Amino acid sequence: MAAKRSEMVPMGLLWGAGIATLVILIVILAYILSKGLPLISWHFLTTNPGVRGQAGTGIYSTILATVAVTGVALLVAAPLSVGGAIYLNEYTRENLLRKVIRQAAEILAGIPSIIIGLFGFLFFVIYLLPYTGGWSVLSGGLTLAFMVLPISLRISEEALKAVPGELREGSLGLGATKWQSITTVVLPTALPGIVTGLILGMGRAIGETAAILLTAGGALGVIHSLRDPACPMTLYLYNILTEYNDTTTAYGTAAVLIIAILAITFVTDWLMNSYTKKLKGL
Amino acid sequence: MARNRYVRKLKELRQNVVDMGVLTRRSVEDVLTALETSDTALAERVIANDDEIDKFDRKIESQCMTLLALEQPMAKDLRVIATSLKMITDLERIGDFVVDIAEEVVAMGKPIRIPVSATKFDELVADVKSMVADSIETYAGGDIQKARSFEARDDRIDFLYKNIVENMVNALAQGKCSTETVSDVASLLYIIRYLERIADHAVNIGNRVCYMEEGDRRYLK
Amino acid sequence: MNNAIEISVKDLDLWFGKFQALKKISIDIPKNKVTALIGPSGCGKSTFIKTLDRMNDLVDNVKITGEVVYQGRNILDSDTDVVELRKQIGMVFQKPNPFPKSIFDNVAYGPRVHGVRKKANLNEVVERSLKAAALWEEVKDRLNESALRLSGGQQQRLCIARLLAVEPEVLLMDEPASALDPIATSKIEDLIYELKKDYTIVIVTHNMQQAARVSSNTAFFYLGELVEFASTIDLFERPRDKRTEDYVTGKFG
């Protein structure tokens with residue numbers, strides 16, 4: 001039986017919409033990678049940027065800065081978001097407080113990053129200067145934590161919610177305490193979802209520029225402590241483009257960023273898939 | 001009400017059992033009329049009629065098995081089916097005794113001559129008739145109290161039966177019988193034996209109906 | 001004949017908010033027997049069974065009055081050690097709910113949370129429990145495989161084994177076979193029949209034939225009331241209450 005013509009038109013349009021997404025992604029990736037990949041070399045990755053960002057140097061200190069800033073953000077946001085999610089999902093019932101907290105997380109996630117950056121600047125850089133060292137890895141990381149927190153909180157909460165109630169009942173029914181049930185049954189089951197939430201948050205942290213611009217300082221030297229100012233890759237990319245119009249280095253940096261994010265995505269996907277499979281006994 | 005089809009099938013079953021009972025009761029009455037009036041033609045019809053009773057027996061058994069196999073009957077439904085299943089055997093046996101009596105009537109071919117008082121015999125006949133009728137009536141939804149009196153009525157029938165046998169044996173022993181009446185006495189001995197057995201089956205039916213209505217297994221002893 | 005009472009319930013009322021789910025329930029659950037609870041959906045039988053190990057505590061807005069006396073104590077008292085209670089009164093749920101762990105770890109879960117650490121002891125408990133749940137022969141060579149790879153019926157027996165490992169006195173079963181095929185169901189029923197020698201079992205079931213097959217006594221719940229509690233044969237052959245009669249003959253509504 002031939003498909004009706006009237007069926008094929010909407011189907012074709014929807015197919016086009018789906019394909020468009022894929023095409024856009026491929027074009028961006030191909031363009032950046034084709035421009036940037038030739039630049040990537042061991043030298044590029046292990047050499048510091050020139051003082052004035054001149055060509056022929058590398059991005060070593062900026063990679064380090066990205067790792068440090070993201071690390072601080074995750075270290076702060078992970079326990080807060082997972083702990084918060086456990087509290088919300090396991091210890092409170094669906095009530096006003098829970099709705100308010102969830103709404104707050106959503107609003108926080110929706111605040112433009114430049115405004116979060118502004119707050120980070122006023123609070124961490126200026127007000128807490130004696131502790132954070134002003135513009136620093138710490139100020140940048142803590143500011144980013146605000147942006148990671150709502151994302152991973154919401155996703156962790158969903159992951160916990162997806163753990164079947166029967167498992168909790170089963171555990172409690174065997175005389176386990178609530179805390180034992182959470183640590184031995186609920187969390188291991190929800191782990192893939194929780195990790196996904198953290199990875200998404202981490203992706204946000206790695207890619208963030210505006211908030212970093214106002215809080216990390218942008219110094220190109222190799223950092224030695226959390227209180228040193230730093231220039232993560234995104235900020236470096238922004239700087240060399242706007243200040244020196246150095247598109248070559250910008251493409252190279254962008255390629256490294258993209259590869260890093262792709263690598264993290266694929267590796268965690270793979271890890272979580274095999275963990276889920278193990279959980280399901282496949 | 002749920003399970004309409006099932007409820008209808010149960011009703012059909014009960015109606016069939018009642019119909020079979022009515023048919024059996026009529027056979028009992030007819031054969032006793034034939035005996036009283038020496039109506040061999042009627043006795044022949046009664047014999048032919050037994051096929052109908054047997055047909056009912058098989059049909060109802062099959063209905064019961066279907067209900068048991070497919071409907072998982074419980075509580076009173078279960079008791080109705082179990083009772084029906086057993087009761088049709090009682091009815092079928094009554095039908096067989098009716099045929100036996102009818103055959104005696106046909107064999108004698110003329111009014112019966114007996115050497116003892118007819119009163120006790122008439123009483124026995126009337127009692128058996130009414131018990132058969134009552135047993136079927138209680139199943140059809142009549143007064144269950146009647147069924148409870150069956151044991152006592154059966155005792156009376158047993159007494160009459162023994163009494164008549166005794167009288168006839170005495171008559172024989174005392175040589176009160178002519179050569180002709182001896183064969184009548186023999187026939188009569190059979191007939192009252194059949195009547196007594198019919199009453200036993202009626203008692204069975206009464207007890208089963210008590211169980212069916214009240215679920216008390218005491219009546220099934 | 002052992003006529004001891006395991007759990008004695010008196011005048012139990014239970015409300016979810018304004019809705020009264022259980023009305024003046026009084027019932028003595030005999031020891032080492034299987035007691036079946038039947039009734040239409042929403043009649044309160046599941047709510048009732050959950051009250052026996054305080055699982056209704058997990059629900060919002062519950063108010064319970066009356067007595068549930070177990071081992072001489074009213075377990076509804078607020079100072080009842082719920083964790084200890086649930087060790088003694090275990091529950092098997094409608095849907096098999098093995099943890100996403102190995103078969104061994106599932107059975108060892110209870111003993112572990114109660115502090116058993118020695119591998120030898122755990123091995124012993126796991127083997128004994130799996131044997132008691134008639135699952136040992138099927139899984140003894142793959143104890144380290146995930147429990148989720150077992151069939152539904154095996155999973156349910158695993159959940160029973162998991163429960164037996166904490167050595168309870170009472171097993172509550174909330175429609176334990178309703179998600180299983182007939183063969184798996186009959187294995188569970190055989191198991192229940194075996195277990196009643198050592199345990200008091202209370203089973204909620206939608207399946208009247210199942211109640212008839214496995215239980216010694218049956219309680220019929222309707223609209224939050226305990227309508228009739230009798231020996232199983234009496235309840236199914238000669239119920240006293242019209243509502244029970246209508247329910248067991250399937251002529252409800």
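**Entry 1: the four-stranded sheet of chain C.** I looked up an open sheet of 4 strands in chain C, where the order is β2-β1-β4-β5 and the pairing is antiparallel; strands here are DSSP runs of E with at least two residues, helices are runs of H or I with at least four, and both are numbered from the N terminus. Two strands count as paired if DSSP finds at least two bridges between them. At the edges I found β2 (19–30) and β5 (73–74) of chain C, each with a single partner strand, so one side of each has no neighbour in the sheet. Strand β4 (residues 62–70) of chain C runs antiparallel to β5(C) and is joined to it by 2 bridges, and I noted that Val69(C) has Asn74(C) as its bridge partner in β5(C).

I note that this is a predicted model, in which local features need pLDDT of at least 70 and side-chain atom pairs count only at pLDDT 80 or more, while totals for chains, interfaces and linings use all residues. Residues are numbered from 1 along each chain as its sequence is written, and chains are lettered from A and ligands numbered from 1 in the order in which they are written.

**Entry 2: the six-stranded sheet of chain C.** I then turned to an open sheet of 6 strands with mixed pairing, in the order β6-β7-β8-β3-β9-β10 (chain C). Its edge strands are β6 and β10 (225–231) of chain C, each of which pairs on one side only. Neighbouring strands are turned against each other by 20 degrees on average, direction ignored; for angles, axes are lines fitted to C-alpha atoms, for helices over the stretch in contact, and values run from 0 to 180 degrees between N-to-C directions. I found β6(C) running parallel to strand β7 (residues 170–174) of chain C, with 4 bridges between them, and Ile89(C) has Val170(C) as its bridge partner in β7(C). Helix α1 (residues 45–52) of chain C packs on this sheet, touching β3 (34–38), β6, β7, β8 (200–204) and β9 (217–222) of chain C, and its direction makes about 150 degrees with that of β8(C).

**Entry 3: a helix pair in chain A.** I looked up helix α11 (residues 233–244) and helix α12 (residues 247–280) of chain A, which pack at an angle of about 165 degrees with their axes 9 Å apart. They are therefore roughly antiparallel to each other, the term for angles over 145 degrees. The residues of their contact divide into 9 nonpolar, 4 polar and no charged, where Ala, Val, Leu, Ile, Met, Phe, Trp, Tyr, Cys and Pro count as nonpolar, Asp, Glu, Lys and Arg as charged, and the others, Gly among them, as polar.

Entry 4: Between chains C and B, 13 residues of chain C are in contact with 13 residues of chain B. Chain A and chain B do not touch, and their nearest C-alpha atoms are 33 Å apart.

Technical notes. Two residues are in contact if their C-beta atoms, placed from the backbone, lie within 7 Å. Angles under 35 degrees count as roughly parallel, over 145 as roughly antiparallel, 65 to 115 as roughly perpendicular and the rest as oblique.
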